[in-house]
Amino acid sequence: MKQVELDKLDRRILDALQQDGSISNQQLAEQVGLSPAACWRRVRALEEAGVIIGYSARLNPEAMGQGLCVLVNLSLQRHTIDSTAEIEREVSGYPEVLQCFAVTGNADFVLRVVVPDMASYDRFLNEKIFTLQGISQVNSNFALREIKNTQTLPVARSPDCLLYTSDAADEED
């Protein structure tokens, strides 16, 4: 892991970009108190260091016809590297699965799934989840309403902070 030192200006940039990833460099520079050139260099450095990993638009699931959110707990029959890797590979290819976590506790994986309706979820289970080899139990939890959904990370408020990013070159040394 490579250490990335963030100063107050870097944190301001990250805060602003998390609020509006489509902000122009000119607007961002004005907001954080830098020249456009200095701001651009800092953003590029944060991208190259792996602190900023991408930009995207957030969509309203209901407006997109994907209003049913299900948290699915998957338990495995056996825990082997091959069976776990195969499930991870398969689940990663399902567009209905927005997030997948390997977890401890009562389940081995937790999936966040969005589909249009209950019939679509039934098809998803029967055609995809139930066909996975090595699954012993599936437990579905239906979201009644969304309380909080954010991808915004808290940015440290201390004068200086260190972030750790993966760096393939460092891992080879």
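Predicted model: local features only at pLDDT ≥ 70, side-chain atom pairs only at ≥ 80, totals over all residues.
A residue is termed buried under 20% relative accessible area, exposed over 50%, and partly exposed in between, with a 1.4 Å probe and protein chains only. Residues are numbered from 1 along each chain as its sequence is written, and side-chain values use heavy atoms, with hydrogens and water left out.

Salt bridges were examined over the whole structure. A salt bridge requires a side-chain nitrogen of Lys or Arg within 4 Å of a carboxyl oxygen of Asp or Glu, and the search finds 5 of them. Helices and strands are DSSP runs numbered from the N terminus (helices: H or I, at least four residues; strands: E, at least two). In helix 3 (residues 36-48), Glu-47 and Arg-44 lie 3 residues apart, about one turn of the helix, and their side chains meet in a salt bridge of 2.6 Å, N to O. Arg-44 counts as partly exposed because its relative accessibility is 31%; Glu-47, at 24%, also counts as partly exposed.

A salt bridge of 2.8 Å, N to O, joins the side chains of Glu-86 and Arg-89. These two residues are 3 residues apart in helix 4 (residues 81-92) and are therefore separated by about one helical turn. Glu-86 is partly exposed, with a relative accessible area of 34%, whereas Arg-89 is exposed, at 54%. Another salt bridge is formed by Lys-128 and Glu-96, whose closest N and O atoms are 2.9 Å apart. This pair links distant parts of the chain, 32 residues apart: Lys-128 belongs to the loop between helix 5 and strand 5, and Glu-96 to the loop between helix 4 and strand 3 (97-102). Glu-96 is buried, with a relative accessible area of 18%.

Salt bridges also link Asp-7, Asp-10 and Arg-42 in a network. Asp-10 is found in helix 1 (residues 8-19) and counts as buried at 9% relative accessibility. Its side chain makes a polar contact of 2.9 Å with that of Arg-42; a polar contact is a pair of N or O atoms within 3.5 Å, where within protein one must be able to donate a hydrogen and the other to accept it, and residues adjacent in sequence count only if both atoms are side-chain atoms. At the start of helix 1, a side-chain oxygen of Asp-7 reaches to within 3.1 Å of the backbone nitrogen of Leu-9. Leu-9 is itself placed in helix 1, and its C-alpha atom is separated by 6.7 Å from that of Val-32, 23 residues apart along the chain.

Aromatic rings were considered next. Rings of Phe, Tyr and Trp (its six-membered ring) pair if their centres lie within 6.5 Å; planes under 30 degrees apart count as stacked, over 60 as edge-to-face and the rest as tilted. The structure holds 3 aromatic pairs. The rings of Tyr-121 and Phe-142 have centres 5.5 Å apart and planes at 80°, so this pair is edge-to-face. Tyr-121 in helix 5 (residues 118-127) and Phe-142 in strand 5 (residues 135-142) are 21 residues apart, and the pair links distant parts of the chain. Tyr-121 is buried, at 2% relative accessibility, whereas Phe-142 is partly exposed, at 35%. Ring pairs link Tyr-94, Tyr-121, Phe-124 and Phe-142 into a cluster.
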